[in-house]
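I opened the model and kept notes as I went.

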Amino acid sequence: MTATYAPHTHAASLPEGAALRKLTADIGAEVVGLRLGGGLDPQTALAIRKAVVDHKVVVFRGQDHLDDAGQRAFAQLLGPLTLGHPTLRSRVDGAVLEVSSEHGRSDSWHTDVTFVDSPPAFSVLRAIALPEYGGTTAWANTTAAYNRLPEPLRLLAESLRAVHTNRYDYARTHERAATEGHDETKGRAQYEEFRSVQYETEHPVVRVHPETGERTLLFGQFISHILDLKPAESDAVYRILQDRITKLENTVRWHWSLGDIAVWDNRATQHYGVSDYDSQFRKLHRVTVAGDVPVGVDGRASRALVGDSADYQAFAG
């Protein structure tokens with residue numbers, strides 16, 4: 001899939017009455033005074049897109065009026081939508097994916113759906129049911145992480161390519177069991193559905209952002225191995241770069257309230273659903289906007305090795 005939008009040179013601004021407040025120096029912003037929906041004018045939609053690309057994740061409070069249809073309509077202002085998920089069909093209603101504690105917890109650092117050749121450009125997440133405490137989400141700026149690499153690590157990362165697959169989960173394999181902390185039957189069923197259709201893709205470790213031209217690390221839990229390295233070497237390099245991405249200076253953490261909508265640039269972030277709410281119930285709905293095929297510093301594009309994600313990418317709802 002080719003990029004839909006021109007390079008990030010527009011100067012759209014939020015409408016009168018709306019304001020943006022930065023959350024940290026390098027990642028995150030909150031926008032107030034704006035009512036989201038599919039009826040926003042093109043300039044406002046462009047300004048929201050610019051804010052998300054600039055700040056990597058933007059949160060909007062007080063959007064209680066939105067239902068699934070309104071969330072989809074708003075997300076479509078950012079670009080064509082993908083199917084909710086390539087494999088988790090039992091939790092998908094068209095473009096909407098249910099993210100529920102009943103099905104497990106996304107408590108590991110990841111970029112959405114990197115096991116396909118065109119990961120989503122943007123994710124739009126809406127809080128439906130929240131625990132009395134905890135249930136926070138953290139995001140990491142993978143562009144800032146790249147920029148903070150010392151030159152030797154930067155040159156190494158730019159030369160590497162890695163295989164991402166839904167048949168492998170680094171965090172699960174190395175840090176926790178598939179059902180740890182969850183109902184064993186539900187956890188196993190979720191895991192098997194996630195793996196029901198195999199996808200495997202070779203991506204550059206450093207991609208060039210298609211709108212800004214910035215370089216950003218394309219990494220996270222779905223990497224099975226780094227090409228041309230022995231397993232122990234691949235694990236060591238993975239840990240070095242992943243730890244750089246999640247340094248606290250690169251992150252922001254959001255404490256959800258009902259009515260919150262978070263929008264993030266999936267091409268320049270990782271995120272983590274913090275499992276800090278015991279056995280309480282938590283549910284959010286996610287809609288994703290289609291992305292393009294990543295391209296490395298050397299001009300080489302990602303390539304699918306196993307699986308055809310055309311139906312996932314071409315969804316028009």
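Helices (H or I, at least four residues) and strands (E, at least two) are DSSP runs, numbered from the N terminus. With that I looked up Val163 and found it opposite His225 in S12. Strand S8 (residues 161-165) pairs with S12 in the antiparallel sense, over three bridges.

I noted the source next. This is a predicted model, in which local features need pLDDT of at least 70, side-chain atom pairs count only at pLDDT 80 or more, and totals for chains, interfaces and linings use all residues. Residues are numbered from 1 along each chain as its sequence is written, and side-chain values use heavy atoms, with hydrogens and water left out.

**Sheet.** I traced an open sheet of four strands, in the order S12-S8-S9-S17, with antiparallel pairing. Strand S12 (223-226) and S17 are at the edges with a single partner strand each, so one side of each has no neighbour in the sheet. From one strand to the next, the twist averages 25 degrees.

**Whole chain.** I counted eight helices and 17 strands in the protein. Of its 317 residues, 56% are buried (under 20% relative accessible area; exposed is over 50%, partly exposed in between; 1.4 Å probe, protein chains only).

**Rings.** The structure holds six aromatic pairs. Phe115 and Phe222 are edge-to-face, 5.3 Å centre to centre, with 90 degrees between the planes. They are 107 residues apart and link distant parts of the chain. Phe115 is buried at 1% relative accessibility, and Phe222 is buried at 5%. Phe219 and Tyr238 have ring centres 5.1 Å apart and planes at 20 degrees, so I logged the pair as stacked. Phe219 and Tyr238 are both buried.

**Serine.** I went to Ser309, in the loop between strand S17 (303-306) and helix H8 (310-313). Is Ser309 buried or exposed? Ser309 is buried, with a relative accessible area of 7%. Leaving aside neighbours within four places in sequence, its contacts are Val116, Asp117 and Tyr199 (heavy atoms within 4.5 Å).

Key:
Two strands pair if DSSP finds at least two bridges between them. Axes are lines fitted to C-alpha atoms, for helices over the stretch in contact, and angles run from 0 to 180 degrees between N-to-C directions. Rings of Phe, Tyr and Trp (its six-membered ring) pair if their centres lie within 6.5 Å; planes under 30 degrees apart count as stacked, over 60 as edge-to-face and the rest as tilted.
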